[in-house]
Amino acid sequence: MTTIDPPLPRRRLVADTGRAAALRHPMLPLLVLLALAFHLSTGSFLDPVNLRGIALDAATIAIVAAPLALLIISGYLDLSVGSTLALGGLVAGWLAADGHSLPVAVLGALAAGAAVGALNALLCCHAGLSSFIVTLGMLTAVRGLGQQLFPLPLSNFGTGFAWLGGAALAGIAAPIVIAAAVLAGAAAFLALVPAGRYVFAIGVNREAAHLSGINVRRTPAALFVVTAAAAALAGAIKASVLDSVASGTSGLGFELTVLTAVLLGGVALSGGAGSIFGVLLGVLFLGALQNGLTLLSVPTFWQLIAQGVALIVGAGLATLAPRLQTVRHAATPHREGVRR
């Protein structure tokens with residue numbers, strides 16, 4: 001019977017995870033080089049105002065990328081986050097325009113997203129269907145549902161709802177604070193909660209995890225719900241920032257943007273590997289790339305090509321990282337032997 005290693009002391013586990021991620025992640029030097037190159041080219045890339053704009057644009061991506069990364073690490077995928085984002089924005093905007101308070105509008109969006117996630121979880125985790133096929137179908141089905149429920153664009157949501165996207169907490173924009181809280185919560189889940197370790201075990205070998213006594217359905221099912229709810233929250237934030245939302249255009253292509261950020265962060269699409277620190281780097285790299293190309297007035301089609309190349313690079317990093325780690329582990333006993 002396969003067993004799981006005994007847990008490390010909590011303080012040591014957090015320290016080891018953070019230090020290893022900071023020193024070994026290949027995206028860190030790439031992000032620094034990219035920022036320096038754009039600053040030398042534009043002269044304004046590293047200005048505080050521009051950096052704040054990058055962080056604000058990247059906030060909604062980070063809110064969805066963090067739980068989606070956990071889901072992918074557990075061996076599943078959710079391609080419906082773009083349509084769920086649109087549905088969440090529509091529901092929140094509709095409630096706000098109808099005179100309901102901000103908490104009610106946000107709760108309505110979260111409920112709509114959680115319902116989509118629960119259906120994904122039911123079909124993927126309990127019925128055993130492919131998450132790629134199910135969420136690809138939900139990508140179009142949820143989009144169609146949004147267009148049926150809200151055929152006309154919504155706007156003029158009021159000042160109360162505008163707080164979500166425009167307010168500042170301790171001088172920091174509310175979407176950035178929310179994104180930071182989501183990233184911190186996901187990192188704490190992986191490092192401090194036993195279910196966080198189960199995510200890796202399920203992603204590496206679901207059968208072995210089951211034989212070890214881990215419930216291989218409950219944790220991924222919860223992650224489906226959390227991911228969809230996060231997408232709906234991101235949709236509410238976008239609707240608040242823009243003060244409008246349309247079912248036909250909101251969130252189009254968002255799923256590929258988030259997936260690119262996650263893969264750039266080193267999360268293995270096959271499951272079992274990844275970190276929230278890497279996801280943060282992937283989100284920042286993608287945001288910096290889009291912002292820098294915009295400052296340089298690069299045409300839109302070249303920006304799309306750059307994003308596509310970044311996706312391929314991210315997939316390559318996710319494939320090569322486990323192999324490099326295997327080589328490093330194989331070489332470690334030899335080095336230790338030489339030292340002795």
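Predicted model: local features only at pLDDT ≥ 70, side-chain atom pairs only at ≥ 80, totals over all residues.
The UniProt record, an unreviewed entry, annotates residues 21-41, 53-72, 79-97, 109-142, 176-200, 221-241, 261-289 and 301-321 as "transmembrane region". Two of these spans were examined for their secondary structure.

Residue N50 belongs to helix α3, which comprises residues 48-73. The relative accessible area of N50 is 14%, and N50 is therefore classed as buried, since the limit for this class is under 20%. When neighbours within four places in sequence are set aside, the contacts of N50 are S44, F45, N291 and L295.

Across the whole structure, five aromatic pairs were found. One of them joins F38 and F45, whose ring centres are 5.5 Å apart; the planes meet at 40 degrees, so the pair is tilted. Both partners are buried: F38 has a relative accessible area of 8%, and F45 has a relative accessibility of 2%. A further pair is formed by W94 and F150, with ring centres 6.1 Å apart and planes at 55 degrees, so that this pair is also tilted. Because W94 lies in helix α4 (residues 81-97) and F150 in the loop between α6 (131-149) and β1 (154-155), the pair ties together parts that are 56 residues apart in sequence. W94 is partly exposed, at 45% relative accessibility, whereas F150 is buried, with a relative accessible area of 10%.

Definitions and conventions. Residues numbered from 1 in each chain as written. Heavy atoms only, no water. Helix = DSSP H or I, 4+ residues; strand = E, 2+ residues; numbered from the N terminus. Buried < 20%, exposed > 50% of the residue type's maximum accessible area, 1.4 Å probe, protein only. Contact = heavy atoms within 4.5 Å. UniProt positions renumbered as here; feature names shortened; annotations may be inferred. Phe/Tyr/Trp six-rings, centres within 6.5 Å; stacked < 30°, edge-to-face > 60°.
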